[in-house]
Amino acid sequence: MKIDYTEFIARHHKVTQPIIIDVPQKKTYKGVISVLLLLLCIIILLIIATLTHLNELTRVVAGCSFALTGFVVLRVFSVHKKQGRDMALMSALLEGFHAARIITDSSDRIVYHNTKFERLCRGVGDPSYDTLVRLFKNNEDAMSHFNMLVDKAQRGLTGHIELFSKFEDRERWLMITAQQVSGYSDYIHWRIEDVTQKYTTDHAIKKEREKLIDFTDNAPVGFFSVNEHGRFLFANATFARWLGEDLQILLSQGYLHTYLVDPPKEGKPYDLINDYDQKQLVEVHMKGAAGKTFLASINQVIVHDGNDKIRTRAVVYDLTSEREMRKALQASEDRFQRFFEEAPLGIILVDSDGIIADCNHKFSSMLGFSIEEIEGEIFEKLVHKKDRKDVLFTLNLVERGELSETPLEIGLQANKDKQVKTHMYARRFKESGNVVLHFIDVTEKKALEEQFVQSQKMQAIGQLAGGIAHDFNNLLTAIIGFCDLLLLRHKPGDPSFSDIMQIKQNSNRASNLVRQLLAFSRQQTLRPHVQDITDILTELSHLIRRLIGSNIDLQLIHGQELGLVKVDEGQMDQVFINLAVNARDAMDGGGGYLTVETKNFTCRKPKELISEELPAGHWILIKVTDTGCGISKKNMSRIFEPFFTTKKVGEGTGLGLATVYGIVRQTGGYLDVKSKIKEGTSFYIYLPRATELEEEEIEEVVVEEISSKDLTGTERILLVEDEDAVRTFSQRALSNKGYEVLTAESGEAALAVIEAQDNKHFDLLITDVVMPNMDGPTLVKRIRKDIGEPKIIFISGYTEDKLKDHMGENVYFLPKPFTLKQLAAKVKKVLNN
C-alpha cells in the first residue's frame, strides 16, 4: 500500500519557493532517444512538406509515420513531466521531516540535502559529507562507530546509532540512521536527528530511577507488596535484611504468612488480621529464615485490580530497633540534661542569629536572672561593651571551624547593673551550626587575685618600709638624742638654741613620715583603748580648722547614743587629719564644706564596698564629705595605693590615703569611698562597735607627764646597741642621770663584758632587737640562763608586734626614735615597777 504524504506536506510544509535539487538520472540514454525521435519527427515533416507531389499511398504512409512520431514525442514528454512531479513530491516530503536528511552517492557526494541539514552544519562547515564527519573528529569512539555504520549501509543493511558530538564549545547527541536507497545501491539515505534534549531527559530519568531504587532499598523502613495468594511481588532490601532473607529468594519463593510468627487463622493469604479491612495497621512479630524475630508495625492497604486480582501496598517499621533507639536517645537526653543542669559552670546555646536558645541554672544564677528572662535574649547584649568586639571575633572564628583552647576573659552584665567576670569557652555544633558557650565565674577568683597582688605589693612595700624605718629610726634616734644633749648646754637665749631646735623639729617630722610608712603597711604599734569617737573629733576639730583654713566650713554632726569603739586615739587623729588635708587640697583654695558625720550602722547582710566586702554586724559609721573636685573612675581603684598621687611633684607623698586605709584596716574597720566629678567625695569609715565586755574594761587613760625631777638613779645597766651613735647617746644620757652604764656593740660582746665582771649582777638590760649574728631575744635567753632574770627593755626601729613572741613578765619595749627624756623616763618607770 502506497502512503500518500501530500495532505501532510500541504498542512505542515507550505513550499513558497522552488527547491533546487539534483535529480538522479536513472537511465541517461532514454533522454537521448527522446531527443532523436523529436528530430526525426521534424525531418519527416519537412520531407512531407517537400514531397507533396507523391502519390496518395506515400502520403498515407508518411502521415502514419508522423502520427507515430508524434505519439512517441508526446509519450516521452509525458514521462518527463511525471518524473518532475515525483521529484518535487519527494523534495517536499523530505523537507517535511523534523530531522536532517541527505542522500549521498558512491563518491560520498551529497546529491540531496534538506534545509535542516544546513542548520545542523552551521558553525561547522558547508553542508557536505565531510562536515558531517567533522562533527565526530574529536571523539575517537564516536568516529569508530560512525565508520561501522557507513560500512553497514554500503553492504545494504540499515543501521542507526546515538553518537556524542563535541565541536569547539558545542556538545550534543545525534541519532544517525543510514540505509541504501531502494533500487539504487550506489546511494545512501542519511537521517541525522539532534536528540540532546531527549538524551538528557532520558539520562535524568535513569538517574532518578536509580536514586529511587537506591532510596527504596536503603530506606529506614521496609516496603512490600503481595498478591491474592500472599506471594511477594515486591520488597525492598531493608525489609529483606530485617527478615534475614535473600531478596531474590523472597520474591521468587516467599509468602507473607511464612514470615509471621502468628499468622491470622481466619484471614486471607494476604491479610495481617482475621477481620478483613482494606486498611490494616497492626503490630506483629515477624520471623526470618534463621528464626530471628522482631516486632514490626505494618501499615497495609489492599488494592483490588479487578478479575479477583489483589495487590497490597505495605510499609513496615522495625519497632525493636526504634524502641532501642528511643530508649538510648531518652537515656542520652536524660544524661545530657543532667549534665547540662547540674554542671558547675554556666552553659548557653546560641543560634546562628546570636539569640540564646537555651541556658542552664548555673548561668541564670550567675547573672541573677531567671531562665525565662535569658532565653530569647540577644547574647551580645549580655556582654560588657568593652568585650563585645573580642567576643564577636571569637564567635566568627568558631563558626569557621577554628577552635581555641585558651578561654576568653569577658565581663557579663548581671542583674542590678553588676558585672560578672568569666572565662568563656566556645564550641560549634557541626550539624546545626549553633554555638555552645561555657562560662566559668572568675569574679571571686579575680578579686582574690587582685587582693593577692595588692597584698604582695603591700607586703613588699611593707618590708621595704620596715627596713627603711629601722635604719631611719636609728639615725633619727642619734640625731634627736644628740640634739637633747646639746640643749642641755644651750639654753633658750643661746645663739645656737634655735638651730638645734630646728634640727630636732625636722627630725621629729622625719619620724612622723616613718610612722606613716609603717601605718599603710599595718606595721605600726597600736595601743587601742575603748573610746568615744565624738570626744576624739571634738578635741581634734580645732586642729582640723587650722589645717583647712577659714574659707572651708567644718561641720560636725554627731550621732545620737553613739556606740563606743576600741581604737588607738593617736592613730585615729592621723586618719582624720589626713582626710581633712586631702579634702582641703581637693577644694583647691576655692572654699567649700567639709562635713564629718557619725552614726550607728547595722549591716544585715554583707555589703559590697569599693575593694572588699563589709561583713554583717554592728558598726560605727564615720562619713567625711567634701565639696571638692571629685575623683575620676580611672583613679578610684588606685587611691589607696602607697605613693599614688594626682598632685604635682613636691606637693604630696602619696601616703595620705594609704595611711588612712592601713590604720582603719589594722583597727579592724573597713573603708569605702563614693565620688562625683565636680560635686565632691565621701569617705565612709566603718569601725567595729565595742562589745559589752570591752566597754566594761574602759579605763581612763592618764597621760603621764614626764617630770625631769625624778629621772635620776644609781642602778647598774648593761646597754647593747650595734649603732655607735645610738649607743654613745644612750650611754651619755643615762650616765648623766647617775646610772652605772656598761656598753657592748653586739650580743657576743655583751656576754664577754658580763664574763669579765666580778659582779655579774645587772638591774636592767637595754638591748637592740636586730643585731648581726646574735640578736636581742637570743642574748636575753643566754643572760637569763647564766646570771638570772634582770629587767629587759628592747629598743628597735621595728614595731612591738615583731617581738610579741618574746614579750612577757619584766620585758618592756621602747620604739625608736626616742628622746633623752623618753629614754630616762622609760628606764625610771621599769626600774620602779
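A search of the whole structure finds 18 salt bridges, a salt bridge being a side-chain nitrogen of Lys or Arg within 4 Å of a carboxyl oxygen of Asp or Glu. The structure is a predicted model, in which local features need pLDDT of at least 70 and side-chain atom pairs count only at pLDDT 80 or more, while totals for chains, interfaces and linings use all residues. Residues are numbered from 1 along each chain as its sequence is written, and side-chain values use heavy atoms, with hydrogens and water left out.

One of these salt bridges joins Glu228 to Arg311, with the closest N and O atoms 3.5 Å apart. Glu228 lies in the loop between β6 (222-226) and β7 (232-235) and Arg311 in strand β10 (residues 309-318), so the pair ties together parts that are 83 residues apart in sequence. Helices (H or I, at least four residues) and strands (E, at least two) are DSSP runs, numbered from the N terminus. Glu228 counts as buried at 17% relative accessibility, whereas Arg311, at 24%, counts as partly exposed. In these terms, buried means under 20% relative accessible area, exposed over 50%, and partly exposed in between (1.4 Å probe, protein chains only). Glu228 and Arg311 are also linked with Lys309 in a network of salt bridges. Another salt bridge is formed by Glu193 with Arg191, at 3.0 Å between the closest N and O atoms; Glu193 counts as buried, at 19% relative accessibility.

A further salt bridge brings together the side chains of Lys816 and Asp768 (3.6 Å, N to O). Lys816 lies in the loop between β29 and α25 and Asp768 in strand β27 (residues 764-768), so this pair ties together parts that are 48 residues apart in sequence. Lys816 is buried, with a relative accessible area of 5%, and Asp768 is buried at 0%. The peptide bond that leads from Lys816 to Pro817 is cis, with omega near -5 degrees. Pro817 belongs to the loop between β29 (811-815) and α25 (820-832).

Backbone angles also deserve attention elsewhere. Asp108, in the loop between β1 (100-104) and β2 (110-113), has a positive phi of about 60 degrees although it is not a glycine. Asp108 counts as partly exposed, at 35% relative accessibility. Glu561, in the loop between β17 (552-557) and β18 (565-567), likewise is a residue other than glycine with a positive phi, near 50 degrees; Glu561 is exposed, with a relative accessible area of 73%. Helix α20 itself (residues 656-666) is mostly covered, with eight of its 11 residues buried. Among them are Leu657, Val660, Tyr661 and Ile663.

In soluble globular proteins, nonpolar side chains tend to be buried together. A nonpolar core is a set of buried Ala, Val, Leu, Ile, Met, Phe, Trp, Tyr and Cys residues joined through side-chain atoms within 4.5 Å. The largest such core has 37 residues, and those with the most contacts inside it are Ile533, Phe576, Leu594 and Ile685. Helix α18 (residues 569-587) gives the largest share of this core, seven residues. Leaving aside neighbours within four places in sequence, Ile533 is in contact (heavy atoms within 4.5 Å) with residues including Leu562, Met572, Phe576 and Leu687. A second, separate core of 26 residues includes Phe117, Ala142, Met143 and Ile176.

Thr131, in helix α5 (residues 129-134), counts as buried at 1% relative accessibility. Beyond its neighbours within four places in sequence, Thr131 is in contact with Cys121, Val124, Gly125 and Asp126. Cys121 is buried, with a relative accessible area of 1%, and Cys603 counts as buried at 6%. If a disulfide is taken as a pair of cysteine sulfur atoms within 2.5 Å, the count comes to zero.

For the chain as a whole, the secondary structure comes to 25 helices and 29 strands. Of the 833 residues, 39% count as buried. Residues 24 or more positions apart account for 57% of the contacts with a separation of 6 or more.
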